Amino acid sequence: MFEIIKRRKIWYLISALIIIPGLISLFTQGLNLGIDFTGGNIVEIKFDQNISTAQVRKVVENEGLTSNYIQESSGNVFLIRTEVTTEEQNTKFLRALNDELGSYELLRNDRVGPTVGKELTQKAIVSLAIAAVLMIIYITWRFEFKQGVAAVVPLLHDVLVTVGILSITQLEVDSSLVAVILTIIGYSINATIVIFDRIRENLHMKKGMKLEELIDTSLWQTMARSINTTLTVLFVLVALYLFGGSTISTFVLALIIGVTSGLYSSIFIASSIWYDILDSRRKGKKAVKAA
């Protein structure tokens with residue numbers, strides 16, 4: 001049997017190699033926040049003819065607007081983000097696009113004030129904090145406090161992996177990021193609880209077995225279920241990413257990253273942290289006796 005707990009330092013190192021670059025990116029360049037967070041206008045247009053990004057930018061500048069984000073995707077579709085405009089400015093801008101670049105189909109035209117973005121950010125942070133506290137309370141009631149801590153730390157791991165990669169790639173994120181993070185947390189904790197449940201059963205059924213060996217046995221007994229469940233979800237997400245269109249591509253990609261990270265952290269991180277918490281407690285008791 002491949003020993004997972006014995007090699008736990010390797011799993012911690014792998015996580016660190018992924019998380020640290022993401023943290024550096026978050027502190028240096030942050031996330032590419034969409035108008036849901038920063039406020040502004042976003043227009044998605046599909047032109048009937050071939051148009052270049054430079055042509056679109058020229059119209060934006062001629063209308064006296066500022067845009068540092070004009071993204072072209074397949075099928076002559078452009079995503080244009082500007083500062084917050086009035087209804088009159090927006091109508092004038094759309095008319096200018098039609099006059100100078102030809103006919104088009106308006107796919108999206110959203111305007112969000114910066115106040116909404118600030119409120120959304122605050123509510124997202126509060127939601128995450130409440131979710132973490134409730135999960136610790138539930139797991140403490142169902143198992144024990146130390147397992148509650150060991151289950152929540154991997155959730156933070158999954159959030160940092162997802163947000164870090166989004167920061168490195170500078171993909172634009174909108175309010176759906178909040179839904180993505182909460183979904184990842186819910187999915188990851190589910191797999192971790194299954195593993196802890198099996199450990200609890202084995203603690204009663206395999207008395208006398210070393211804790212390290214017992215955890216490894218429990219992990220391998222639930223391994224197939226964890227992998228198969230995650231693969232089933234990933235198949236759907238990959239199909240959505242490939243064929244779901246540009247509007248939801250970042251949302252789906254973030255889910256793919258988070259769900260994959262959740263599988264990894266449930267198997268390799270959660271139980272390893274729990275083992276280290278118990279191990280440090282045992283070492284503490286030995287040190288007290290030796291003194």
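This is a predicted model: local features need pLDDT of at least 70, side-chain atom pairs count only at pLDDT 80 or more; totals for chains, interfaces and linings use all residues.
Biologist: What span should helix α6 have at 1.5 Å a residue?

Modeller: Helix α6 covers residues 145-169, which is 25 residues. Helices here are DSSP runs of H or I with at least four residues, strands are E runs of at least two, and both are numbered from the N terminus. The expected span is 1.5 Å times one less than the number of residues.

Biologist: Is the protein a compact globule or more spread out?

Modeller: Its secondary structure comprises nine helices and six strands. The radius of gyration, taken over C-alpha atoms, is compared with a globule rule of 2.2 Å times the number of residues to the power 0.38. For 291 residues that rule gives 19 Å, and the protein is well over it at 24 Å, so the protein is more spread out.

Biologist: What box do the C-alpha atoms fill?

Modeller: The box is taken along the principal axes. Its dimensions are roughly 80 × 35 × 30 Å.

Biologist: Is Leu94 buried or exposed?

Modeller: Leu94 sits in helix α4, residues 87-101. Buried means under 20% relative accessible area, exposed over 50%, and partly exposed in between, with a 1.4 Å probe and protein chains only. At 12%, Leu94 is therefore buried.

Biologist: Which residues does Leu94 contact, leaving aside neighbours within four places in sequence?

Modeller: Contact means heavy atoms within 4.5 Å. Leu94 is in contact with Val43, Ile45, Tyr104, Leu106 and Asn109.

Biologist: What is the relative accessible area of Thr192, and what does Thr192 touch?

Modeller: Thr192 belongs to helix α7, residues 176-205. Its relative accessible area is 1%, so Thr192 is buried. Not counting residues up to four places away in sequence, Thr192 touches Ala151, Ser266 and Ala270.

Biologist: What share of contacts between residues at least 6 apart in sequence join residues at least 24 apart?

Modeller: Buried residues make up 43% of the 291 residues. Among the contacts in question, the share joining residues at least 24 apart is 78%.

Notes:
Residues are numbered from 1 along each chain as its sequence is written. Side-chain values use heavy atoms; hydrogens and water are left out.
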